[in-house]
Amino acid sequence: SRVSGRRADTKTMGSAVGDKIPKAGQGGRVSRDGFDHERLESGVHPLDVVLEDVSVAAAHCATPGSVSTSRTAAAALPRPAASTATPTTLSVSGWNVIDDNDNTQDDHGHGTHVAGVIGAATNNVIGVAGLGWDTRVMPVKIATRQGYTWSSALASGIRYAADHGANVINMSVAGAAPCPGDVQAAVDYAHEKGIVLVASAGNDGANVSNLPANCTHVLGVAATTSDGSLASYSSYGNHVSVAAPGSLIYSTMMGGGYGNMSGTSMSAPYVAGLAALVRSQYSVYTPDQIASAILDNADDVEPAGWDQHAGCGRINAFQSLSMGARGDTPTCQVGAVTPVTPTSQSPATAPFVPGRIIVSFRSGAKVAQTVQRYGVGKFAPTLNAWKMQVPQGQEQAVLAALRTDPSVSYANLDYELVIR
């Protein structure tokens, strides 16, 4: 979903470089990332960031300290008109993938906090300042109130965002499983539309390859602490592209007010917000060039260059905006990724929805016959794939058979994920 808004007064940007933190009441004019947002305000236009998460709480929506909504497609949204109310985050309406309706009200709290990191309003002497200056958030609800979801819901959410004007998609969710075909297809679809995709690396504190950070074209984000070092809980591995602050991040809370949360879920939205800023500064950039501006201008945390703990380093917003892309794709990763053996679950043991298999067929395939051979199913337009239901306990056998069928483009289990 898209998160939008003018951020609140700056408590802390929690960002990469340690410049002076504005005092309360300074209106978020200079953030802790060291970047003078006010100096750039005339050149920064409203941008759209999709929040693949639970949605934004109403307490930060239509009243002072809340999120306003609009039915207009985000790409066409004008700059919000002046109002007597001072929203802390501006959002446009999104979609509830779980219940298949437009009720994106946050019933967990995670999404509201993440949204504030991206787009909490600035220069209103309220609360905190989000990194994505003048961005708008579209909440796409893909998780239950308990914080759980599955990979097919994530894929549907990505496609919804891509079809409704998103420029950046933030996915503060993780699951210890390989990137499944339906999620990778959705990511590819969004990437081809010019969208930057960002995901949390995970909070396992070990070499665990989590999806969707391990999907191609997704920037996986590790977490750093207030002193700039890596957080002990941050997952590491080949899926890590870059690092950002993630410990004790102060942001908007469900029900109103502000509070601290920690995790790579808080790190990812810093990168999403920065991606929105880079896009506003360099409007002709491709997603890969935006990735270069972020990754190739990051500050090394441990060894020079890419490493599996911090990726290309900790984000430096000032450098990203000042220097821009160093190449058509990130150069810091070239030749740097070395094979590592992750401790993540294998496809055979990773948690999944019992009895459910997601299948995409090639053109000309005899779909009905294949589906009936193994179970029942129906086409899911939001996935551009089929959801099959097979006997529980036979998932692996059916999956193996489908993957040898020449009419099948991809087949995968519906993996369980958790917001983290």
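In what order do the strands of the open sheet of 5 strands stand? The order is β7-β17-β14-β16-β15, with antiparallel pairing; two strands pair if DSSP finds at least two bridges between them. Strands (E, at least two residues) and helices (H or I, at least four) are DSSP runs, numbered from the N terminus.

The model is predicted: local features need pLDDT of at least 70, side-chain atom pairs count only at pLDDT 80 or more, and totals for chains, interfaces and linings use all residues. Residues are numbered from 1 along each chain as its sequence is written, and side-chain values use heavy atoms, without hydrogens and water.

Strands β14 and β17 run antiparallel and are joined by 6 bridges. F361 has V408 of β17 as its bridge partner.

| Strand | Residues |
|---|---|
| β14 | 352-361 |
| β16 | 385-389 |
| β17 | 408-418 |

**Helices**

Helix α3 (residues 151-163) lies across β7, β14, β16 and β17, at about 105° to β17. Axes are lines fitted to C-alpha atoms, for helices over the stretch in contact, and angles run from 0 to 180 degrees between N-to-C directions. The axes of α2 (residues 110-119) and α5 (residues 264-281) come within 8 Å and cross at roughly 35°. Contact (heavy atoms within 4.5 Å) involves H110, H113, V114, V117 and I118 of α2 and S265, M266, P269, Y270, A272 and G273 of α5.

**Whole protein**

The protein has 9 helices and 17 strands. Of its 420 residues, 59% are buried, meaning under 20% relative accessible area with a 1.4 Å probe, protein chains only.

Terms used:
Buried < 20%, exposed > 50% of the residue type's maximum accessible area, 1.4 Å probe, protein only.
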